[in-house]
Amino acid sequence: MQGDGWRCLWDAKAIIGESTIWDDRDGCIYWVDIEAPSINWLNLASGDRGTWVPPIWVSAIAPRASGGFIGSSADGFVHVDPKAQIYKPLIHPIANPKIARLNDGVTDREGRYWSGSCDSSQWDESTTAEDKESTLGNLDARSTGELYRLDVEGNVSSQEQNIVTANGPAFSPDGRTAYVNDSMPLVSWVYDVSADGTLSNRRDFLTFKPEDGYPDGMAVDTEGCIWMAFYESWVLRRFAPDGTLLEERRLPVRRGLRPAFGGSDYSRLFLTTGSQGFTAETFASQPLAGGLFEILDPPAPGVPNVAYAG
């Protein structure tokens, strides 16, 4: 199905469709459904689809140079290969997994893998309610999340603390700037990134109101602009590096989760969406909720992916 500026490629009815990622090794767009759980792929040339059910939920994946994918899961950082049905825990960065769980994850321009975490009580309560805003509670008590960096040698470090729901990060084309969303407090931060991957000089990039939606996943294009998905919003927004809103793409669904560029020249833009807690009545008004979408004719291509080098 196609509408004004969008095309639904897969009416998947995903509960929480996340971690959209292009893999040029096989010409597929991959994505996960955290709650199903599943890892899914769509071959852009043939249209063939595949789904693999891992032994436990996986919230994010990124191609790994040595084969398969690096991922974030209930077991911490893991090696997965959905087509070969491989799932292998590597290291768990969270000291107390009962209070926080890994969420979004991406690689930077140097092949390091980054993944943030979110407060477990926030996750359990706010993602199961139709009205997300009413379940937020005391954010100060829920800031148990962190942002972790997995180096190519396999070492893990925490680069930011006191996060409620980490999403992203995303990196500028030269890799020297990082953008990180903390979805529940409705804030997006920007950092300087040193050569060794250390973050510094945090400042607010953007702040939002509940009616704007909750900032979620991000993708960066070759002009350095940030495409940002919003949970509970109906729109995908493109911001300039200085935070100026450049455009909004109206969606047929309310819960955008993670945009990503792909295709052989990275000129195509994809978006996963969600349907957590939806009733039959909600699906009647948003029949494509949880679908995998293509956002048509973006003004600039995306920055090519870098595989995790470890």
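Start by selecting Arg-203 and Asp-192: they form a salt bridge (a side-chain nitrogen of Lys or Arg within 4 Å of a carboxyl oxygen of Asp or Glu), and here the closest N and O atoms are 3.2 Å apart. Arg-203 sits in strand E18 (residues 199-207) and Asp-192 in strand E17 (residues 187-193), so the pair ties together parts 11 residues apart in sequence. Strands here (E, at least two residues) are DSSP runs, numbered from the N terminus, as helices are (H or I, at least four). Color by accessibility and Arg-203 comes out partly exposed at 31%, with Asp-192 partly exposed at 28%. The cut-offs: buried is under 20% relative accessible area, exposed is over 50%, and partly exposed lies in between (1.4 Å probe, protein chains only).

Before moving on, note that this is a predicted model, where local features need pLDDT of at least 70 and side-chain atom pairs count only at pLDDT 80 or more, while totals for chains, interfaces and linings use all residues. Residues are numbered from 1 along each chain as its sequence is written, and side-chain values use heavy atoms, leaving out hydrogens and water.

The whole structure has 17 salt bridges. Go next to Arg-258 and Asp-104, whose closest N and O atoms are 2.7 Å apart in their salt bridge. Arg-258 is in strand E23 (residues 256-262) and Asp-104 in strand E11 (residues 100-107), so this one ties together parts 154 residues apart in sequence. Both Arg-258 and Asp-104 are buried.

Now pick Arg-238 and Asp-221, a salt bridge with its closest N and O atoms 2.9 Å apart. Arg-238 belongs to strand E21 (residues 235-239), and Asp-221 to the loop between strand E19 (214-220) and strand E20 (226-231), so the link spans 17 residues of sequence. Arg-238 and Asp-221 are both buried too. For a network of salt bridges, select Arg-7, Arg-268 and Glu-294 together.

**The four-stranded sheet**

Switch to cartoon and find the open sheet ordered E7-E8-E9-E10, with antiparallel pairing. Two strands count as paired if DSSP finds at least two bridges between them. Strand E7 (58-63) and strand E10 (86-91) are the edges, each pairing on one side only. From one strand to the next, the twist averages 30 degrees, using lines fitted to C-alpha atoms as axes and angles from 0 to 180 degrees between N-to-C directions. Zoom in on E7 and strand E8 (residues 69-73): five bridges join this antiparallel pair, and Pro-63 stands opposite Phe-69 in E8.

**Inside the cores**

Show side chains for Tyr-30, Ile-39, Ile-61, Phe-205 and Met-228, the residues with the most contacts inside the largest nonpolar core, which has 34 residues. Such a core is a set of buried Ala, Val, Leu, Ile, Met, Phe, Trp, Tyr and Cys residues joined through side-chain atoms within 4.5 Å. E20 gives the largest share, four residues. Center on Ile-39 and look for its contacts (heavy atoms within 4.5 Å): among them are Trp-31, Trp-52, Val-58 and Val-80. A second, separate core of 26 residues includes Trp-227, Tyr-266, Phe-270 and Leu-292.

**Last stop: the cysteines**

How many disulfides are there? The count is zero, with a disulfide taken as a pair of cysteine sulfur atoms within 2.5 Å. Select Cys-28: the nearest cysteine sulfur, that of Cys-8, is 17 Å away. Cys-28 is buried at 2% relative accessible area, and Cys-118 is buried at 0%.

Key:
Lists of a residue's contacts leave out its neighbours within four places in sequence.
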